[in-house]
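Morning, everyone. Please bring up the model and keep it in view while I talk.

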Amino acid sequence: MSGPSVVVADRPAPAIPRPYTFPAFARERLSNGLTCLLVDLPGRPLVSASLVMRRGAVDEAAGVGGATVLAARALSEGTERFGAVELVEAAERLGASLHADAGWDATTAGVEVPAARLGPALELLAELVRRPTFPAAEVERLRDERLNDILQARADPRRRAEEAFVETIYEPGVPYRRPAGGLPETVAGLDRDALAASYGAGIDPSLLTLVVGGDLAGMDVVGLAEPLFGDWAASPSAEASTEPRVAGAVSERFVRIIHRPGAVQTEIRIGHVGLPRRIDDFHAVVVMTTLLGGLFNSRLNSKLREEKGYTYGASASFDMRRGAGPFAARAAVNTEATAPAIVDTLAELTKVVEEPVADAELVAARDFLVGVFPLRFETPGPVVGSIAGLVVQGLPDDELQRYRPAVEAVGVDQVLAAARAHIHPERAAIVLVGDADVIAAPVEAAGVGPVVVDRSDVEGAVRTVEA
Amino acid sequence: MPVPRVTFTDDRLANGLRVIVAEDHLAPVVAVNIWYDVGSKHEVQGKTGFAHLFEHVMFQGSAHVAKGEHFALIQGAGGTANGTTWLDRTNYFEMMPSHQLELALWIEADRMGTLLEALSQETLDNQRAVVKNEKRWSYDNRPYGTWNEKLQAHLFPPTHPYHHPTIGSMEDLDAASLDDVRRFFQTYYAPNNAVLAVVGDCDDGQVRAWADRYFGAIPANPDIPPLGDLSLPPTLGAEVREVVHDRVPLPRVYVGYRAPVFGDPDLDALEIATQILAGGKGSRLHRRLVRDERIAQDVALFAYGFVGGASIAAGWATVRPGVPVERVEAAFHEELERIGQERVSDDELARAKALIETEELGALQRVDERADRLAMLATLFDDPDLINRMLARYLAVTADGVRDVSAAVLRPDNRVVLTYLPEEGEESATEGEEAASESEAAA
């Protein structure tokens, strides 16, 4: 019924690429110094607007871990003009989705709305960010939700692995050692005053940026923004953001197993402290990581999934924040394959450090990164998000225009240098969430490092109280 | 706010391949999406998981594509690719920079025409292992991971092909043979069983010329067996309940209902009901259970549309520590009953519709979403123009319609209730907290 003759053997060659550049944005300032970045995207009627504060979980004092994320979530719980439900209903009537969240590096509040209703949507956004009231009862509820979510995270092997991994690789006192949303030790004590203080510390409008993208034809966005944001004064408690102290805790490779009895898979995290975003060899690192653990045919995925069938997917990445987030190779493998998967992963990390990559691999990674670039920015949301990212990381306005030429310029030598400088399999932590009773012995026998088994999830941190 | 009309052309090759093309030159990108009219509903007992395993095998090469080369070619061209399998479908899609469209069409044709040339026991074994790990990662190694499988099993009788989950069982996956794969391919992977949609920066005439060049010689299969009658009574007939002990810190109540089939306007009204009930912070379940009474950590309710007899409406409420599960379940059911008794307010209805409109605007601005919808609507309804009429259908839903469909669907004798509880002997969250404060006091 079928055979090669029913199809065309010759692979087609590409046509001439249509020119593409990342859209330029206009830079304006309101009368209080608040920056507006406007990117006109003709034909995109759904506008995305994002207010960016370069203040995130990394800027928190040690005792209030989780306050930034919780404060961002609490903004919509009540403002001077609206209760929480009234606010969401007002947004829904506009067909707008209003949201606020925070991560390690920044707090952002934004709205997506059809262009015709941008004015009223920005009004709601202004209300949200300028006049939150942090109602005590709602803050308490959100705090409890976060505490419950931590319980859920610890029961989910994927999330448990992430929490255990950062706890292992960072020294105590480094903010990145715990999740951005905080752990019970600090979250339990958060109240509305703590959130208001945390949020207030970030309010200096001369340091804030409003990014708006979409079909802005005929719209005076600055004219809309000035009455809403232009008289916003700095909070008396505004603080400059800080750069975090980041120190790694692991000097020699070892294995930590979080015991999960009967687990049919092991969640594997292998890595160490990584890199901040602003490094000189950023593009070389991106190319290197793509071929190591980003492409479908990356070294890790090819080996662990397509050759060995150990996993549904293997990857590796640097989480480049204002400070040095983690570097990790990740995979979930069937329990019996745990030790061999670790050995194979370490072999790939070692190989990329010791040997120059093949030209074909380099070209595959570069071609992907360059070719896929326009596909990332089809709609306003990702365009606005990426511009916000430049603001948060303190990158030049033309960073995205320079991306593709910079990637094209990465050669085999730069990839090797980047691997040598930044990947350290000899001092990686190997963190596993799986059935220690099955995997500890084979992992020990594999000789990848001393093995420590942590049974506290099962046995509980609570001791029986003697009556 | 009007949603832009999708203009497309729709025609078939001589071998039955339906080709739908919509030009959009705004961005230098193009989406290719090919739906085969085959899903897990075509599987029989003993051969579950097959359509999805087969989807994996489709990426393993064909006459002119080596194993591993599929992604090398697509990603090397700056594209992305994937596929999905579900009860009613298997689809394969790429998004490419527009100057690489021809490659995507060539590669889809090569595997449609010649997959068997490259198929080997080795690649089958390899992808079987991958799929088994997908099952473990997605379901078996997750808290509450069995919920969907159980809902499907209770909502559909064992003789109905929606009874089993698309991922299949480990035993059936192990039993899949090369012969099974060959026969499945020869039966279902034929041009007259497929719809090819191309949306984006392309030229209609050029796309059709390429479609003819690359797919035109692939023979049709005139003997595709029809699926039997999958019709079902609209309701279960009696409530079904199951308690599941699992490694979970918080109890959770799942509900499932048989719902009107995809394509029935009553399902549109039910989707509006689920939006009003659980679509965000202003919704009834969220306001009552999460915000006001503080008995639930989170709530959800949504509908999946299927064409084979019934759709599924499903949802859950996660119980907060220290709260009796029965209280959460009762409150959940009360809200679902209430929406079937009293008409929703004009404001609630208007808000739900405004949100749906914005969602449609957002979804349709992406070429990959447009391509998938065109292919889906052609495959399931022989009506790709529905892409331009779906929003109007939602906007036409009335408050009476919402009440009536809710009364018909969200009722005790049509529901499955799964209660997930922490494993026996495992400390619940509340007990842990109490014991901790005791030990602190004693220290």
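Ground rules. This is a predicted model: local features need pLDDT of at least 70, side-chain atom pairs count only at pLDDT 80 or more, and totals for chains, interfaces and linings use all residues. Residues are numbered from 1 along each chain as its sequence is written, chains are lettered from A and ligands numbered from 1 in the order in which they are written, and side-chain values use heavy atoms, leaving out hydrogens and water.

The sheet. Chain A has an open sheet of 6 strands, in the order β1-β2-β6-β3-β5-β4, and the pairing is mixed. At the edges sit β1 (26–29) and β4 (97–102) of chain A, each pairing on one side only. On average, neighbouring strands of this sheet are turned by 15° against each other, direction ignored. That angle is taken between axes, lines fitted to C-alpha atoms, for helices over the stretch in contact; angles run from 0 to 180 degrees between N-to-C directions. Strands (E, at least two residues) and helices (H or I, at least four) are DSSP runs, numbered from the N terminus. Two strands pair if DSSP finds at least two bridges between them.

Look inside the sheet. β3 (residues 46–53) and β5 (residues 107–114) of chain A run antiparallel, joined by 8 bridges. Leu51(A) stands opposite Ala109(A) in β5(A).

Next, the second largest pocket. What is its lining made of, by class? There are 14 nonpolar, 5 polar and 7 charged residues. Ala, Val, Leu, Ile, Met, Phe, Trp, Tyr, Cys and Pro count as nonpolar, Asp, Glu, Lys and Arg as charged, and the others, Gly among them, as polar. The largest share of this lining, 3 residues, comes from α13(A). β1, β2 (35–40), β3 and α13 (380–393) of chain A each supply at least two residues.

Val222(A) touches Glu28(A), Leu30(A) and Leu38(A), leaving aside residues up to four places away in sequence. Contact means heavy atoms within 4.5 Å. Thr168(A) is 54 residues from Val222(A) in sequence and 47 Å away in space, C-alpha to C-alpha.

Last, the interface. 80 residues of chain A are in contact with 90 residues of chain B. The two chains bury about 7,700 Å² between them, 55% of it on carbon and sulfur atoms. Buried area is the accessible area (1.4 Å probe) that two parts lose on being put together, summed over both. In chain A, Arg11(A), Arg18(A) and Tyr312(A) lose the most area to chain B, together 9% of what that side buries.
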